[in-house]
Amino acid sequence: MKALAQRALDALFPLPSVSTLEAVLTRLSLAYALWYFFPLQMEQTTQPSPVGLAHWFDLTWLGDPATFQAYRTGFLVALLWYASGVALPFALPVVTVLHVLPYTLFNSQAHPHHGYQIMSLTLLGMSVAVVVQAIKKQAGWLRPSAVLNAWLLLAAQLMVGGAYLISVFSKMILSGGMWFFNSHYVALDFVKTARQNYYSTLEPALQFDPPGVVWLLNHANLARLFFGGGVLLEAVLWIAIGTRRLSLLMGVSVIVMHQSIQALMGLNFHTHEAMVAVFFINVPYWFSRLVEKPKGVVETS
Amino acid sequence: MPFHKRILFVSFIAFIAFSLWAKENYPFSHYPMYSDPDPTAFYHYLTDAEGKPLATYAYTGKSAAQVGKIIRTRSIERAKTLGTDAKKMPQAEWDAVCRDTLAYLHAQSQSNGTPLPVRVRIMRTDIRFEGDHVSETPRVLFAE
């Protein structure tokens with residue numbers, strides 16, 4: 001048993017080999033995703049319930065339309081800098097701060113949104129990794145080193161996998177350990193979400209009873225299996241950190257889960273799907289495999 | 001265990017522990033959505049003084065879900081200052097939360113150029129599973 005546990009531990013968190021091509025494609029993919037989801041404008045001119053940095057800084061200047069357009073331009077320049085791969089120990093922290101500030105203001109309105117943390121956290125994890133590697137003189141300034149590219153991938157996966165695991169812990173803590181037993185009641189949230197969508201716009205097409213709710217509530221064990229399966233997937237995603245085939249399998253499963261929730265509840269998880277596609281499905285890696293042969297693991301000190 | 005694995009394990013555990021402690025402090029979150037399923041749920045929406053529903057997004061730029069979150073966040077903040085639990089707050093305190101929320105929504109709607117009616121109601125509908133069907137019971141949470 002002890003030997004089995006040791007083998008499992010040994011298999012966890014391999015340091016992957018990341019080619020230059022894969023690293024370039026990853027930077028381009030992440031930069032594109034960050035830009036695609038970045039707000040076009042900020043309408044928040046107050047921060048009535050400050051969170052994060054808004055506890056210490058007034059961020060309402062971002063609500064000025066002209067200022068925010070200049071800010072967006074600055075963010076685009078920072079993304080291009082990051083995508084170029086030059087001086088990442090400076091570029092990544094700059095992109096991270098510029099990404100965090102507007103969403104901090106957005107979430108300081110007393111209605112926290114949970115769509116963008118996964119992107120900011122990924123940047124934060126990568127920033128820590130690049131600074132540590134720079135201190136160890138392993139980063140590479142004009143061109144990121146192989147060791148740095150491997151650590152950036154691991155750091156991103158760690159933050160994405162960690163975010164999913166945090167939600168599992170919250171479910172267990174806030175439900176007093178009863179989440180799996182009570183999970184069939186999540187079906188009631190289908191009704192809640194449908195009504196919230198309707199009362200936001202009063203569009204007649206949104207006034208309907210979501211299908212399957214009573215069936216799920218009357219078939220509690222099947223519903224528990226359905227909802228519990230998704231949470232189990234969130235709980236084990238981190239095991240795929242550093243792997244290629246397992247992370248592909250788990251990444252695809254997570255996106256199927258999100259698409260199922262979107263179909264049932266009308267809630268989308270596009271930012272999560274983007275991060276999972278880049279860092280777990282590893283789309284850049286599989287593209288790079290079309291023109292390159294895979295190499296072994298990275299040697300690091 | 002190789003050094004890089006030890007670093008990753010420690011970082012991973014520290015990240016999760018810090019996020020659970022920090023709760024909602026962007027970019028950190030403890031992702032509390034759908035964390036405590038039970039046989040009841042509820043949602044909020046706005047109506048005019050006669051009870052006719054108002055499209056919250058069209059008026060205020062806030063969805064009905066966001067209106068509900070504002071009420072929830074403000075009630076938790078108010079309960080914290082009173083040293084109590086939001087569920088145990090006296091009605092007068094809930095009225096104050098709702099009054100402040102509506103003042104905020106009126107300001108948002110005016111800033112958007114789509115002012116809300118002068119008198120608005122906050123409605124709360126409770127959803128329950130009752131054996132073979134789902135019931136919805138609306139009530140006025142606060143009326144201006």
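A nonpolar core is a set of buried Ala, Val, Leu, Ile, Met, Phe, Trp, Tyr and Cys residues joined through C-beta atoms within 7 Å. A residue counts as buried if 20 or more other C-beta atoms lie within 10 Å of its own, as exposed if 12 or fewer do, and as partly exposed in between, with C-beta atoms placed from the backbone. With that in hand, the largest nonpolar core here has 86 residues. You're looking at a predicted model, where local features need pLDDT of at least 70 and side-chain atom pairs count only at pLDDT 80 or more, while totals for chains, interfaces and linings use all residues. Residues are numbered from 1 along each chain as its sequence is written, and chains are lettered from A and ligands numbered from 1 in the order in which they are written.

**The cores**

- Inside the 86-residue core, the residues with the most contacts are A:Leu152, A:Ala155, A:Val160 and A:Ala187.
- Helix α6 of chain A (residues 146–174) supplies the largest share of this core, 17 residues; helices (H or I, at least four residues) and strands (E, at least two) are DSSP runs, numbered from the N terminus.
- Skip the neighbours within four places in sequence, and A:Val160 is in contact with A:Ile118, A:Thr122, A:Met275, A:Val276, A:Phe279 and A:Phe280; contact means that the C-beta atoms, placed from the backbone, lie within 7 Å.
- Another core of 21 residues lies apart from it, and includes A:Tyr199, B:Leu102, B:Leu116 and B:Ile122.

**Helix α11 of chain A**

- This helix (residues 245–265) has 21 residues and reaches 30 Å from its first C-alpha to its last, close to the 30 Å expected at 1.5 Å a residue; the expected span is 1.5 Å times one less than the number of residues.
- A:Ser247, A:Met250, A:Gly251 and A:Val254 are buried in α11(A). They sit on the same side of the helix because they cover an arc of only 105 degrees around the axis, taking the directions from the helix axis to the C-beta atoms.
- The buried residues of α11(A) pack against α10 (220–236) and α12 (270–279) of chain A.
- Just after the helix, A:Gly266 takes a positive phi of about 75 degrees.

**The sheet in chain B**

- Chain B has an open sheet of 4 strands in the order β2-β1-β3-β4, with antiparallel pairing; two strands pair if DSSP finds at least two bridges between them.
- The edge strands are β2 (53–54) and β4, each pairing on one side only.
- β1(B) and β3(B) run antiparallel and are joined by 9 bridges, and B:Tyr45 stands opposite B:Met123 in β3(B).
- β3(B) also pairs with β4(B) (residues 134–143) in the antiparallel sense over 9 bridges, with B:Ile122 opposite B:Phe142.
- The hairpin of β3(B) and β4(B) has 4 residues between the strands, and B:Gly131 there takes a positive phi near 75 degrees.

**A look at B:Ser109**

- B:Ser109 is in helix α4 of chain B (residues 91–111) and counts as buried because it has 22 C-beta neighbours inside 10 Å.
- B:Tyr59 is 50 residues away along the chain, yet its C-alpha atom is separated from that of B:Ser109 by 5.2 Å.

**Where the chains meet**

- The contact takes 49 residues from chain B and 52 residues from chain A.
- On the chain B side, α1(B) gives the most, with 9 residues.

Methods:
Contact = placed C-beta atoms within 7 Å.
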